[in-house]
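Below is a short briefing on one protein model. It covers the overall build, the strands and a few single residues.

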Amino acid sequence: MGQYQEKDMDVLEASRLPVGEGRRLIDRLEQERGLPKPKMAALIASNCSELREYAGAKARAIADARYGKGIFIRGLIEFTNYCKNDCYYCGIRRGNAKAKRYRLSVEDVMACCKEGERLGFRTFVLQGGEDPYYTDGRMVELIRRIRAAYPECAITLSIGERERESYERFWEAGADRYLLRHETADESHYRVLHPYNLSLAHRMQCLKNLKEIGFQTGCGFMVGSPGQTARHLAEDFAFIGQLRPEMVGIGPFIPHHDTPFANEARGSLELTLYLLSLLRIQQPDLLLPATTALATIHPRGRELGIEAGANVVMPNLSPTGVRDKYSLYDGKACTGDEAAECRNCLERRIESVGYHVVVGRGDHRGRI
Ligand code: SAH
C-alpha cells in the first residue's frame with residue numbers, strides 16, 4: 001500500500017469550485033440525474049473533504065431508500081488468466097511472459113459454485129482474460145452446467161468482447177448478466193490505455209448489444225488510470241447517463257510491476273469514494289460494488305465504499321491455489337483466504353458499518 005505514490009486529480013482542465021457551488025451542483029445532479037459535461041468536470045475536480053461528506057451522506061440516503069440496509073454478494077470465480085489482449089494496465093496481458101497461466105476446468109468451476117452455494121451465494125460471476133480456449137461452445141457448455149445445477153442462481157459473465165451472436169448464445173444457454181467495463185469513454189484516453197488493435201467503438205458496441213439482448217449489464221472504469229483527467233471522468237458520467245447500465249464497477253487503478261504502467265501512480269481512495277457517491281446520486285437504482293481494488297488500497301476499503309453509496313460486494317470464490325495468479329495489479333487483497341473465511345470476514349465488515357448480507361440473487365430493482 002504505502003509503497004505507491006498517490007495521484008491527485010489533474011485539475012488543469014477544470015478549475016476548483018467554491019464548496020457552496022459544489023454543493024449546489026450535487027443537488028442539481030440529484031434533481032436532473034446528470035450535469036452538463038463542463039459542470040461535471042468542475043465538480044469532480046473540486047473533490048475535497050467537505051464535498052465528499054456532502055455527496056456521501058446524500059448517496060447513502062439514496063441507496064438506503066432504494067435497497068435498505070441489505071448488501072448483495074456475488075461469488076467471483078476467476079476461471080482463466082490466459083488473455084489474447086495486451087492492455088497496458090493489466091497484469092495478465094498477453095505480453096507479460098512472467099505471468100503464470102492457469103485455466104480452471106468445468107469440474108473446477110462446478111466445485112467453486114458448490115462451495116459458493118453452501119456459503120449463501122446466489123450469483124456466480126465467471127471472470128477471465130479473453131482466452132481463446134474458452135470458445136463459444138465451451139462457454140455454452142459451462143453456462144448450461146451451472147444453470148442446470150443451480151436453476152435459482154444468477155450467472156454473470158465477465159469475459160470481454162465477443163460478437164453479438166456469441167452473446168446471444170450465452171444468453172440462450174442461461175447467463176443473465178454481463179460485466180464489461182468500458183474503461184474510459186474518451187477516445188484519446190482509450191488509446192493511452194490500449195494497443196491499436198482494440199477500439200472504444202467496438203467495446204461500446206458490445207455494451208449496446210448486451211443491453212439489447214436483455215443482459216443486466218455493467219460498465220465501469222478505473223479511477224486514476226494513467227492520463228485520466230476530470231474531463232475524461234465527466235465523459236464517463238455522460239456515457240453512463242446514456243447507456244443506463246444496471247451496474248457500474250469502479251476501483252482505483254493500481255500498477256502491476258510487469259506492465260508498461262509499472263511506475264505510474266495509483267488512483268486515490270478519496271477520489272474513488274467521491275465518484276462512487278456521485279454515481280449513486282446520478283443514477284439511484286445502480287448496483288454499485290465496493291471492489292477488491294478498493295479493498296486493496298485501504299484495509300477498510302469495502303466498508304468505506306459502502307458508506308459512500310456502494311451496495312454490492314464480490315468476494316473471491318476461486319480456489320486458493322490460483323488466486324494469486326489472477327494478478328491484474330500488485331498487492332491484491334484476500335488472495336490467501338479460503339472462500340468460507342472470506343465470507344465470514346465480509347459479513348463482519350458489512351455488519352461493522354450497520355448493514356447486512358442479503359442471501360438472494362440481488363437483482364437490479366428497476367427504474368424509478
Ligand atoms: N477480460 C475481461 C475482464 C477484465 S478484468 C474484460 O475485458 O472485461 C476486470 C477489470 O479489472 C478490468 O475491466 C479493469 O478495469 C480492471 N483492471 C485491470 N487492470 C487493473 C489495474 N492494474 N488496476 C486496477 N484495475 C484493473
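How many bridges join S3 to S4, and do the two run parallel or antiparallel? Five bridges join strands S3 and S4, and the two run parallel. The model is a predicted one, in which local features need pLDDT of at least 70, side-chain atom pairs count only at pLDDT 80 or more, and totals for chains, interfaces and linings use all residues. Residues are numbered from 1 along each chain as its sequence is written, and side-chain values use heavy atoms, with hydrogens and water left out.

**Overall build**

- The protein has 14 helices and nine strands; these are DSSP runs numbered from the N terminus, helices being H or I of at least four residues and strands E of at least two.
- The radius of gyration is 19 Å, close to the 21 Å that the globule rule gives for 368 residues, so the protein is as compact as a globular protein of that length. The radius is taken over C-alpha atoms, and the rule is 2.2 Å times the number of residues to the power 0.38.
- Along the principal axes, the C-alpha atoms fill a box of roughly 55 × 45 × 40 Å.
- Of the 368 residues, 62% count as buried. Buried means under 20% relative accessible area, exposed means over 50%, and partly exposed lies in between (1.4 Å probe, protein chains only).
- Contact means heavy atoms within 4.5 Å. Among contacts between residues at least 6 apart in sequence, 76% join residues at least 24 apart.

**Surface and charge**

- The accessible surface of the protein comes to about 14300 Å², and 50% of this belongs to carbon and sulfur atoms. Areas come from the Shrake-Rupley method with a 1.4 Å probe; for residues, only the protein chains shown count as cover.
- The protein has 52 positive and 49 negative charges, and their mean positions are 2 Å apart. Lys and Arg count as positive and Asp and Glu as negative, while His and the chain ends are not counted. The place of a charge is taken as NZ of Lys, CZ of Arg, CG of Asp or CD of Glu.

**The S8-S1-S9 sheet**

- Three strands form an open sheet with parallel pairing, in the order S8-S1-S9. Its edge strands, S8 (312-313) and S9 (356-358), each pair on one side only. Two strands pair if DSSP finds at least two bridges between them.
- Strand S1 (residues 70-73) is joined to S8 by two bridges, and the two run parallel. Ile 73 has Val 313 in S8 as its bridge partner.
- Strands of a sheet pair through backbone hydrogen bonds, either parallel or antiparallel.

- Strand S2 (residues 75-80) is mostly covered, with six of its six residues buried.
- Five bridges connect S2 to strand S3 (residues 123-128), and these two strands run parallel. Across this pairing, the partner of Leu 76 is Val 125 in S3.
- Strand S4 (residues 154-158) is largely enclosed by the rest of the structure, because five of its five residues are buried.
- Both faces of S4 are covered: Ala 154, Thr 156 and Ser 158 are buried on one side, and Ile 155 and Leu 157 on the other.

**Buried single residues**

- Pro 284 sits in the loop between helix H10 (269-282) and helix H11 (292-297), and is buried with a relative accessible area of 7%. Between Pro 284 and Arg 169 there are 31 Å, C-alpha to C-alpha, and the two are 115 residues apart in sequence.
- Leu 304 belongs to helix H12 (residues 301-307) and is buried, with a relative accessible area of 17%. Neighbours within four places in sequence aside, Leu 304 is in contact with Leu 269, Leu 273 and His 298.

**Residues with positive phi**

- Glu 183 lies in the loop between strand S5 (177-179) and helix H7 (187-193). Its phi is near 75°, a positive value in a residue other than glycine.
- Glu 183 is buried, with a relative accessible area of 9%. Leaving aside neighbours within four places in sequence, its contacts include Tyr 89, Arg 203 and Phe 221.
- Cys 334, in the loop between helix H13 (320-323) and helix H14 (339-352), has a phi near 65°, also positive in a residue other than glycine. Cys 334 is partly exposed, with a relative accessible area of 31%.
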